[in-house]
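Subject: Structure handover

Hello,

Here is the structure we spoke about. Please open it first, then read the notes below.

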Amino acid sequence: MLETIGLKKTFKRHVAVDDANLLLKKGESIGLLGPNGAGKSTLISMIETLIKPTEGDVTWNEKSIIKQPDLLRPVLGVVPQEIALYKELSAYENVKFFGKIYKLTGKELEERAEAVLKLVGLSDRQKDLVKTFSGGMQRRLNIAVALLHEPEVIIMDEPTVGIDPQSRNYILEMVRDLNREQGLTVLYTSHYMEEVERLCDRIYIMDNGKVIANGTKEELIAILSEEESIELVLEKPISTFKEALEMEPSILRVTQESNGLKLIVPKNNRKLTRIFQLAEQHDASITNVNIQIPSLEDVFLHLTGKKLRD
Amino acid sequence: MWNFFVKDVKVLWRDRTELMVMFLMPFVLMTILGFALQGVMGGSSESFEMEVALVVQDEEEEGKEKLEIDLSESQLPEQARSALLEVSNNFSPASILDELLTEDLQDQLSVTQMREEEAKTAIDQQEIDAMLIIPDDFTYDTLKNMLLGEEVSSTLKIVKGPHANFSASIFHTIIEQFSESFNLEAAITKATGTQVASSPSVEMEVNGETLSVTERDPVSSMEYYTIGMAAMFAFFTASTIASKAFTETQQQVFSRILISGKRPSAYLSGKALAVFLTVLLQLGVLFSLSSIIFGSFRPLSIEDMIGMTTISIFYALAIAGIGALLTTLTVKYQSNTIAGVFSGAIVSIFALLGGSFIPTAGFPEAVQKLGDWTPNGMAMNAYMQSMQGLGADYIITNIWKLSGFILIMVLLSLVLYPRKKVGA
């Protein structure tokens, strides 16, 4: 069990993480969401024993790892946001190097190298230099390296950034299998809400250095149980129409979408007639209307005031 | 450490741009500078001045009298005897040499007659750049060789001040030219006369080692720039390894290594060993190419090879130390600026002060002294001394200086390594 207790990190006067409490039970898959600058990376770095917290503690099986980082390090796998590999080396040379720093040798090293390369589907390309790999292949190898020493916990910091949908799907399936079938404990951060929804048992949402909400997907969506969203597809964007909607007391929030506007309104109080009236007044041509129950994205927006990918 | 070393060497060697910087650029530069600045190293500069001591142990009149006795006791016909006596009375090798130094070369040389002990002290105190000893029986032996064809030769001895390598080399060349032309004239004398001798009448000895004049040339511009450029470009290997460390921090590979719990010493020593072996190879390749293509460093004796290899090992260790320190500072501040400033500015300053671009003899004394403490300056001095056959005693001073430098680099690297930032 990995736990952060009242964790705080201050850089000069800036409080990057403030009183963060996080719990990862054995075999759980936890999502950590937050807009850019929310403090996710700092929090992860403290858990990874890379940065000392200003206050608070991180425990592994109820023992502090601040004083004894070596309790956690051998059972921790890390997939950094960057491609943390040597691009001038081949996939096999990378795996072998990182295996050796985890004290794997001889036959065991060979077997583990073969196993992880097979797991990420790179056995055929293991002799090729990493710099010749596609983004998706590099991301897969980035994960393989973290799994070499058979960790109990894996921390994945946006492991699917900038890759094609097929590679992304491959990675998500792999992480889900590792978690559900092999009992690997996962802490996962992403800018893709659907990834977290698909993979994680529980979700923590951070903003301005604080954990502002946590729970299962359903528990979080329940925060917005009294609301629903209306998606208006517009022929072209009309700024005066958006402003008029924002002034309307019955509409709680208006956000710009790629093809129109999204409105959050109180449940059972949609006032669609008023919306159409305003559209007519401002010459806005509505081509489609979609009424939905709120998504996790809406919850995130509600809590942080920002979209996840802002 | 071995795992880190293998990885660092592979990463370094698979970067073609870096390979060009490490091997091709110094080779091109040494070729250009070596050919372009041939004149600078020839010692013909009008503005050049040096202080030398002349130690005359030879008694010219006594030598001539001894030769006269030899002639009178010889079996030669009377006519030949009187002709040779005539030559002997009018031909004074020591005086010719004295005249050459004190009159013909008075713009370049300031010659003071001293006793040998006085001259040694003056060299130690850096008051003079070199001394020339005209040995006892120089006149007698030289004339006997020339006129009677006996297999004796007299040896002029040059002692160079270790502080004045460059100017002392020029003095060496002057004396060498004198003995060459003297031997030529002597050969003509013999050819026109009746006697024939196979050995040169005047030989030279430099700092205790006897050499015939053709064996040991002064350092050529090509040799000088081979050493200069090799010493300078070795620095770039250190900055390159630090830049690779920066990439490791940026791409979070360094975090991965820290999280694995590996000791800093394994990471640092892997880098240092990679720099050490790369620099050693760099020096070896450049020296070999210069020798094969341009005929530098020849003839190369076993002693010379041992000397140059020893210096190269210590210099490569010093550069490995710099590489370790730059790596430490790079990962500590997570910035490439330090390696950038080193390769962009400090290397140029070191190269200039240490004499990689031009010999430092023309610089003010304080600047020269500063240059003697730069790593490339220490190595260059040691290489020059080794090539001039000065022997281990002279080289060892610079080896000690390099060892001190290595120690400082290693200690600084270990002390400054950012272990406190990690939750250990």
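Helices here are DSSP runs of H or I with at least four residues, numbered from the N terminus. Keep in mind that this is a predicted model.

Start with a helix in chain A. Helix α5 of chain A covers residues 165-180. A:Glu173 and A:Arg176 form a salt bridge there, with their closest N and O atoms 3.5 Å apart. Why do A:Glu173 and A:Arg176 sit about one helical turn apart? Because they are three residues apart in helix α5.

Next, the interface. Chain A brings 34 residues into contact with 24 residues of chain B. About 2,600 Å² is buried between the two chains. Carbon and sulfur atoms give 57% of that area. On the chain A side, A:Leu50, A:Tyr86 and A:Ile101 supply 24% of the area that chain A buries against chain B.

Now the charges. How many salt bridges are there between chain A and chain B? The count is two. B:Arg14 forms a salt bridge with A:Glu93. Their closest N and O atoms are 2.7 Å apart. Over all chains, the count comes to 25 salt bridges.

Last, the surface of chain B. A negative patch is formed there by B:Glu59, B:Glu61, B:Glu62, B:Glu65, B:Glu68 and B:Asp136. Where is B:Asp136 placed? It is in the loop between β3 (130-134) and α8 (138-148) of chain B.

Best wishes

Methods. Residues are numbered from 1 along each chain as its sequence is written. Chains are lettered from A and ligands numbered from 1 in the order in which they are written. This is a predicted model: local features need pLDDT of at least 70, side-chain atom pairs count only at pLDDT 80 or more; totals for chains, interfaces and linings use all residues. Side-chain values use heavy atoms; hydrogens and water are left out. Patches are made of residues with over 30% relative accessible area and no salt bridge: like charges are joined within 9 Å, nonpolar side chains (Val, Leu, Ile, Met, Phe, Trp, Tyr) within 5 Å. Accessible areas come from the Shrake-Rupley method with a 1.4 Å probe; for residues, only the protein chains shown count as cover. A salt bridge is a side-chain nitrogen of Lys or Arg within 4 Å of a carboxyl oxygen of Asp or Glu. Lys and Arg count as positive and Asp and Glu as negative; His and the chain ends are not counted. The place of a charge is taken as NZ of Lys, CZ of Arg, CG of Asp or CD of Glu. Helices (H or I, at least four residues) and strands (E, at least two) are DSSP runs, numbered from the N terminus. Contact means heavy atoms within 4.5 Å. Buried area is the accessible area (1.4 Å probe) that two parts lose on being put together, summed over both.
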